[in-house]
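My notes follow the order in which I looked.

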Amino acid sequence: MTLPAWLTAVTFNDDGLIPAIAQDHQTGRILMMAWMNAEALQLTAQTQTAVYFSRSRAKLWHKGESSGHTQTVHDIRLDCDADVIVLSVTQAGGIACHTGRESCFYQRLDLSGQTPVWQTVDKVLKDPADIYHSHDSTSETLEIENTGSNTDSTDMSQSQSVTAQAQVDKVSVLQQLDSVLAERKQADADSSYVASLYAKGLNKILEKVGEESTESIIAAKDFANCDESTDKASYDEARHELIYEVADVWFHTLVGLAWFDIESDAVLNELGRRFGLSGIDEKAAR
């Protein structure tokens, strides 16, 4: 596909993405930061509504498609290095953050004491449970790319959705992932996120494992600092974020194993072998 001249002037990173900052058109306040690929940026310009790219789901994300909190775009700017986008937007509902706040940047570093500490300074305008009324925060969703006849499709609307509330065989989920990852090794790099990782090589896969591991550590520390009794919404959000990030670590680790043609059964068998063994004795025997 031939890109228009204005789009070729944009510098996307190695993953074909560029950070996009949404700023309130009236007040100038920073509302959120997300990622765009070329298609998302082009659609944003064409429709004058914000369209982003979800890295975790490897699909376009129309802001407000679940919450109704769409963003009308008035202005699109590119920085001096051509590698950051700023959108001037009108935020529907006055809520940009999935926590129910006006802005995703609701934590301020308090430097008044001996030790700097992050403080929540913006109130929740609407309970996330009311915003995402069709989403149960206790039901984590794992989306697996469709392994049917249309294996080249990355449209997540064709994915299989397996929830924690469903009666599913957890081992079967891993086996399905094994199958998908094996198929993606033979797929065109432009056909899916996993195929693009394989095309970039082992170092890129390992880089993603490290990146997601770091994000899971940060999520764990954030969750540890939450108090369910004083801020239930933030507690639930942090819990969800930790589960989400750990799922990313597991997923990218499986991608790494698949690079070596190792399936998840090998890891499950190793874990099974350790039952009944003293962890101290097992480590000493290595």
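The entries below go from the overall picture to single residues.

**Ground rules.** I am working from a predicted model, in which local features need pLDDT of at least 70 and side-chain atom pairs count only at pLDDT 80 or more, while totals for chains, interfaces and linings use all residues. Residues are numbered from 1 along each chain as its sequence is written, and side-chain values use heavy atoms, with hydrogens and water left out.

**Overall.** I noted 9 helices and 10 strands in the protein, taking helices (H or I, at least four residues) and strands (E, at least two) as DSSP runs numbered from the N terminus. Of its 286 residues, 33% count as buried; here buried means under 20% relative accessible area, exposed over 50%, and partly exposed in between, with a 1.4 Å probe and protein chains only. The exposed surface comes to about 16,800 Å², with carbon and sulfur atoms supplying 53% of it; accessible areas come from the Shrake-Rupley method with a 1.4 Å probe, and for residues only the protein chains shown count as cover. I also looked up contacts (heavy atoms within 4.5 Å): among those with a separation of 6 or more, 51% join residues 24 or more positions apart.

**Cores.** I then turned to nonpolar cores, meaning sets of buried Ala, Val, Leu, Ile, Met, Phe, Trp, Tyr and Cys residues joined through side-chain atoms within 4.5 Å. The largest has 24 residues, and Met32, Met36, Leu41, Tyr52, Ile85, Leu87 and Val89 touch the most other members. Two or more residues each come from strand 1 (18-24), strand 2 (30-36), helix 2 (38-47), strand 3 (51-54) and strand 6 (85-91), and strand 2 gives the largest share, 4 residues. I listed the neighbours of Val89 beyond four places in sequence, and they include Ala22, Leu31, Val73 and His74. There is a second, separate core of 9 residues, with Leu181, Leu197, Ile205 and Leu254 among them.

**Helix 2.** Which residues of helix 2 are buried? I found Ala38, Ala40, Leu41, Gln42 and Thr44, and these pack against helix 1 (5-8), strand 2, strand 3, strand 4 (59-62), strand 5 (71-78) and strand 6. Just after the helix, Gln48 takes a positive phi of about 55°.

**Surface patch.** Ile30, Met33 and Phe105 form a nonpolar patch on the surface, with about 250 Å² of accessible area together. Patches are made of residues with over 30% relative accessible area and no salt bridge, like charges being joined within 9 Å and nonpolar side chains (Val, Leu, Ile, Met, Phe, Trp, Tyr) within 5 Å. Phe105 lies in the loop between strand 6 and strand 7 (107-110), where its relative accessible area of 47% makes it partly exposed.

**Aromatic pairs.** I searched the whole structure and noted 3 aromatic pairs; rings of Phe, Tyr and Trp (its six-membered ring) pair if their centres lie within 6.5 Å, with planes under 30 degrees apart counted as stacked, over 60 as edge-to-face and the rest as tilted. Tyr52 and Trp61 form a tilted pair, 5.2 Å centre to centre with 40° between the planes. Tyr52 is buried at 0% relative accessibility, whereas Trp61 is partly exposed at 23%. Phe223 and Tyr235 are also a tilted pair, since their ring centres are 5.0 Å apart and their planes at 50°. Because Phe223 lies in helix 6 (residues 202-224) and Tyr235 in helix 7 (residues 232-259), this pair ties together parts that are 12 residues apart in sequence. Both Phe223 and Tyr235 are buried.

**Salt bridges.** I counted 15 salt bridges, each a side-chain nitrogen of Lys or Arg within 4 Å of a carboxyl oxygen of Asp or Glu. Glu102 and Arg29 meet in one of them at 2.9 Å, N to O. Glu102 lies in the loop between strand 6 and strand 7 and Arg29 in the loop between strand 1 and strand 2, so the pair ties together parts 73 residues apart in sequence. In helix 6, Lys208 bridges to Glu211, with the closest N and O atoms 3.1 Å apart, and to Glu212 at 3.6 Å. Lys208 is buried at 6% relative accessibility, Glu212 is buried as well, and Glu211 is partly exposed at 25%. My last entry is a network of salt bridges that links Asp15, Lys200, Lys204 and Glu207.
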